[in-house]
Amino acid sequence: MQRNRLAVAAAAALAATLAAGCSGAAQEPAAPAAQSSAPAGPVKLTYWTWVPNMDKIAAAWNSANPDIQVTVSKQAGGDDAAAKFLTAAKAGNPPDLVQAEYQMLPSFVAADAVADLSGDVAQAKGEFGEGVWGLVTLGTDAVYALPQDSGPMMLYYRQDLFDKYGIEVPKTWDEYAEAARTVRKKDPKVFLGTFSSKDPGAFVGLAQQAGAQWWSISGESWKVAVDDDATRKVADYWGGLVKEGAIDDQPYFTPEWNKALNDGKLLTWPSAVWAPGVLSSNAPKAKGRWAIAPLPQWGTGENASGFWGGSSTAVAAKSANRAAAAKFATWLNTDPEALGLLVKEGAVYPAAAKGGTMLGEAPDYFSNQPDFWQQAAAISATARGFTFGPNVGVTYNAFKDTFDKAVQDRSAFSEAVGKMQEATVADMRKSGFQLAQ
């Protein structure tokens, strides 16, 4: 699928999805730039990114490639960074390369702001697992970015307290529910886990694990299935545990949540590979007491995970040096030297399959688990693919609104999922996107 097939009424969609500064009247999508060839002389590229010490990583490239010099411009990240890039793309002066979170990439595609690199980076496909590769193709033959880092999800658990309460690491979600009930019976002040109505990214990752596909592309239309069976199953599971009182409903990243982790009142956290940094900062007293395992599975014998977070390296559609930019992006995300630097200097968990070999000692917080990175790499390989849509911000906001109310009212979580579907579809129709029936 070509970019212009996704560019229908992109400006209106982005006005609803991102900051108000990105809004404006819809415009005719720009024609895809002609495929550029490698430059004959020195070129200068600008790269917008929030990875720490990326200037040091680019310096290694610049030293070995005097004809293609990369200047790094540090960005804040998040929605503000996405809005800034879209504004620059609309004005005709974007950077050559931009770090793009996976959930924001479809918005960039819809705005015709990033290039299809399939003719430049086809050889890189084999460097990535199928799940993470699907995040940059949107399920099409195009390639809109190179995966840079990923957030495969796993189960973090208090090994010492599992031993204290006599519970085994759950291999299925049914076992997790039984363990949650057991913990509550043995100590009413302790919860096995919590459900956060403030963190849609976590819920999306759990839905992915169950096989959810909220968006897909059919011909020239989008198909929206936020309320698919897999998502409803996940929602009803957690909603049932919250209503029963088997788990807590404390949102993540709050002072109360931090204290519960630190004091041993929360025993698990289904989270992503970046969680050690959060735990070391927010629960320092528990250092050396946490361990990791694969997420519990929905069926015995299954082996699947999902993603929470991660980003890619995209090339602006209006870059005058697309081939050179694609060459740098490929090096950055597949070359062993670059992957090593991403780990050492940028504290990045590389998306490339061989990136796991660049990781040495376990995080200091997990000194009790020397095989931390080996386990993480094995879990990462099981993460299922997923396609984000062009108005993910609307869907995420609907999650917060509807699940907040469901938690407060102890109403069915699957009803909240249905309202997310309605909000997503209504916004896409209002914005002019063509939807498949």
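Contact here means heavy atoms within 4.5 Å. This is a predicted model, in which local features need pLDDT of at least 70, side-chain atom pairs count only at pLDDT 80 or more, and totals for chains, interfaces and linings use all residues. Residues are numbered from 1 along each chain as its sequence is written, and side-chain values use heavy atoms, with hydrogens and water left out.

Start at Arg384. Leaving aside neighbours within four places in sequence, Arg384 is in contact with Gly131, Gln208, Gln209, Ala210, Gly211, Ala304, Ser305 and Phe307. Arg384 sits in the loop between helix H15 (372-380) and H16. Helices are DSSP runs (H or I, at least four residues), numbered from the N terminus. Arg384 counts as partly exposed because its relative accessibility is 33%; buried means under 20% relative accessible area, exposed over 50%, and partly exposed in between (1.4 Å probe, protein chains only). Gln213 is 171 residues from Arg384 in sequence, yet 9.9 Å away in space, C-alpha to C-alpha.

Next come H16 and its partner. Helix H16 (residues 392-409) packs on helix H17 (residues 413-431) at an angle of about 150°, with the axes 9 Å apart. H16 is therefore roughly antiparallel to H17. Angles over 145 degrees count as roughly antiparallel, under 35 as roughly parallel, 65 to 115 as roughly perpendicular and the rest as oblique. Axes are lines fitted to C-alpha atoms, for helices over the stretch in contact, and angles run from 0 to 180 degrees between N-to-C directions. H16 contributes Val394, Thr395, Ala398, Phe399, Thr402, Phe403, Ala406 and Val407 to the contact, including Phe403, which returns below. The contact residues of H16 and H17 divide into eleven nonpolar, three polar and two charged.

Not counting residues up to four places away in sequence, Phe403 touches Phe195, Ser197, Phe203, Ala235, Ala398, Phe413, Ala416, Val417 and Met420. The largest nonpolar core has 149 residues, and Phe403 is among those with the most contacts inside it, along with Leu105, Tyr156, Phe195, Trp214 and Trp238. Such a core is a set of buried Ala, Val, Leu, Ile, Met, Phe, Trp, Tyr and Cys residues joined through side-chain atoms within 4.5 Å.

The axes of helix H2 (residues 54-64) and helix H13 (residues 322-334) come within 11 Å and cross at roughly 110°. H2 is therefore roughly perpendicular to H13. Met54, Ile57, Ala60 and Trp61 of H2 meet Lys327, Phe328, Trp331 and Leu332 of H13.

Technical notes. Helices (H or I, at least four residues) and strands (E, at least two) are DSSP runs, numbered from the N terminus. Ala, Val, Leu, Ile, Met, Phe, Trp, Tyr, Cys and Pro count as nonpolar, Asp, Glu, Lys and Arg as charged, and the others, Gly among them, as polar.
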